[in-house]
Amino acid sequence: MTPKDPDVLVIGGGNAALCAALTAREAGASVLMLEAAPREWRGGNSQHTRNLRCMHDAPQDVLTEAYPEEEYWQDLKKVTGGITDEKLARLAIRDSSRCRDWMRRHGVHFQPSLSGTLHLSRTNAFFMGGGKALVNAYYRSAEQLGIAIRYQAPVDRLELQDGRFVAARIGDERITARSCVVASGGFESNIPWMRDAWGEVDGEWPVDNFLIRGTRFNMGVLLKYLTENGADPIGDPTQSHCVAIDARAPLYDGGICTRVDSVSLGIMVNKQAVRFYDEGEDFWPKRYAIWGRLVAKQAGQIAYSVIDAKAIGRFMPPVFPPLQAQSLPELARQLGLDAPTLVRTVDEFNAACRAGTFDHAVLDDCRTEGLTPPKTHWARPIDTAPFFAYPLRPGITFTYLGVKVDEHAAVHFSGKPSANLFAAGEIMAGNVLGKGYTAGVGMTIGTAFGRIAGAQAAAAAMQGAQHAAA
Ligand SMILES: Cc1cc2nc3c(=O)[nH]c(=O)nc-3n(C[C@H](O)[C@H](O)[C@H](O)COP(=O)(O)OP(=O)(O)OC[C@H]3O[C@@H](n4cnc5c(N)ncnc54)[C@H](O)[C@@H]3O)c2cc1C
C-alpha cells in the first residue's frame with residue numbers, strides 16, 4: 001500500500017475516524033488516516049469520553065434492565081425538541097445495540113456504570129479505562145491491520161469536483177484517494193469562530209471567558225471549507241453542549257475531572273453574590289448541561305457553587321479542591337465577593353427552606369417557599385461549617401454545526417449525495433442532534449456513522465477501482 005494513494009483516506013483521529021478506518025480496512029480497502037494532533041494528543045474529544053448510550057431489549061453484561069429503541073428515540077426527540085432526522089437517529093440507535101461486539105473485537109472493554117453517576121447503569125455502557133483506553137485500543141488494532149497513520153497532519157483544504165472528492169491538501173502536499181471520510185470534529189477549539197457565533201453581549205464577548213473541555217485540534221477547518229464549497233450545512237452555529245466547569249481548568253483538555261457536580265446540593269451565586277436559577281429543578285444528569293449557558297449569561301461569565309459540610313461526600317469530587325472557610329464572610333473574601341451580600345443571600349435562602357426528608361436520589365420534598373428563584377428540591381439550609389465553594393465557568397464540550405448527510409453518511413451537495421465523500425462523528429452529528437443532549441449519544445452517533453462511512457467509502461473505492469480497470 002502506498003500511504004500517499006490509498007483506497008480510502010480518513011481525516012481525523014477520534015472515535016468516528018477510527019471506526020471508519022477500521023471498517024474500511026476490514027472491507028479490504030487500503031486506508032490512510034490523517035490526524036492533526038501529535039501522537040501523544042491523538043484521539044480528539046473521544047479520548048475524554050466515558051460511555052456509550054446503548055439500545056438493548058434485555059439485560060446485557062454491564063447494562064441493566066432494558067432500553068428499547070422506542071424509549072431511546074423518545075429520549076432523543078425530547079432533548080432535541082424534535083430537531084432531529086428520525087431515519088438517521090433510528091439508524092444510530094439500532095447500531096448501538098450491535099456495535100459493542102465489534103468494539104470488543106478491536107480491544108475495547110466495558111465496565112459497569114460508576115457510582116456517583118446517577119441513573120446511567122441501564123442506558124450507558126462505560127469504557128474500561130475511559131475514552132483514552134478506547135482510542136488506544138482502536139489505534140493498536142488499526143496498526144495491526146496495516147492502516148497507515150500520520151500524526152501532525154492537519155488537512156487545510158480539499159479538492160472537490162462536482163461534489164466528488166479528488167484530493168486533500170496539507171499545505172503544498174497533495175494526497176489523492178479513491179474515497180474519503182471526513183471525521184474532523186466540530187469547531188469548538190476555534191475561539192475566533194466561537195466569538196463570531198456567540199457575538200458581543202452588553203459590551204462583553206462571553207466566549208473570552210469560556211473554557212474548552214476537550215481537544216485544541218478541532219478548529220473546524222474542513223467544516224468551514226466544505227460549507228463554503230457547496231456542501232449543505234446543518235445545525236445552528238450558536239448551539240453547543242456547554243457545561244459549568246471549574247474556573248481553574250486549563251483552556252483546553254480539562255476533560256471530565258473538571259466538571260463540578262455540587263450544584264444541586266447547595267446554591268449558585270453570581271459575581272454580585274446573588275442566586276439566579278433553581279439549583280434543584282431536576283436530577284443533575286438531566287440539568288448539568290444547562291448550567292454552562294446559565295453561567296455564560298452572568299456578568300463576567302463566572303458563578304460559584306456554595307455548599308456546606310453536609311454536602312461533602314454526596315457528589316463526585318472534581319480534580320481541584322474547593323475553597324474552604326469556617327465562616328461565610330471569610331468564604332466571600334476568598335471568592336472576591338461582597339461579604340454582606342453573600343451572607344444576606346444565604347440567610348434569605350436558609351429562611352425559605354421548608355423542612356422535608358432529604359434524599360438526593362429522588363425528587364425530594366426539601367424545597368424553598370416564597371423565594372425567587374426557588375429551589376425546588378434538595379433545599380437544605382447552608383449552616384454547617386466548614387463552608388465550601390467552587391468557582392465555575394462555561395465549558396464547551398462540542399458544537400452542533402455540521403454537514404448534511406444521508407443514511408449512507410454521504411455528504412450532500414445541493415441536496416445530492418456525494419459518490420465518494422462521507423462524513424462521520426461530530427462534523428455530522430447535527431443531523432441527529434439539532435440541539436440538546438442525552439449522555440452517551442455523541443459516541444453512539446460517531447460509532448454508527450463511522451462504521452457506515454467506512455463501509456461506504458470502501459465500497460466507493462472498490463467501485464472506482466473497477467471503473468478505472470474497465
Ligand atoms: C470532556 C468530554 C467528555 C465527553 N464524554 C462523552 C461521553 O462519555 N459519551 C459520549 O457519547 N460523548 C462524550 N463526549 C462527546 C464526544 O467526545 C464526541 O461526541 C465524540 O468524541 C466525537 O467524536 P469525533 O470522532 O467526531 O470527534 P473527535 O474525537 O473530537 O475527533 C476529531 C479528530 O479530528 C482531528 N482533526 C480536526 N481537524 C483536523 C484536520 N483539519 N485534519 C486532520 N485531523 C483533524 C482532531 O485532531 C481529532 O483527532 C465528551 C466530550 C468531552 C469534551
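This is a predicted model: local features need pLDDT of at least 70, side-chain atom pairs count only at pLDDT 80 or more; totals for chains, interfaces and linings use all residues.
Local features require pLDDT of at least 70, side-chain atom pairs count only at pLDDT 80 or more, and totals for chains, interfaces and linings use all residues. Residues are numbered from 1 along each chain as its sequence is written.

**Exercise 1.** Determine which strands stand at the edges of the open sheet formed by 6 strands.

*Solution.* Strands (E, at least two residues) are DSSP runs, numbered from the N terminus. Two strands pair if DSSP finds at least two bridges between them. The order in the sheet is β6-β2-β1-β10-β20-β19, with mixed pairing. β6 (148-150) and β19 (410-413) each have a single partner strand, so one side of each lacks a neighbour in the sheet. The twist from one strand to the next averages 35°, where axes are lines fitted to C-alpha atoms and angles run from 0 to 180 degrees between N-to-C directions.

**Exercise 2.** Describe how β19 is joined to β20.

*Solution.* β20 comprises residues 416-423. The two strands run antiparallel and are joined by 3 bridges.

**Exercise 3.** Trace the pairing from β7 through β8 to β9.

*Solution.* Begin with β7 (residues 157-161), which pairs with β8 (residues 164-170) in the antiparallel sense over 5 bridges. Arg157 has Arg169 as its bridge partner in β8. This hairpin has 2 residues between its strands, and Asp162 in the turn shows a positive phi of about 50°. Next, β8 runs antiparallel to β9 (residues 173-176), with 4 bridges. Ala168 is bridged to Ile175 in β9. Here too 2 residues lie between the strands of a hairpin, and Gly171 in the turn has a positive phi of about 60°.
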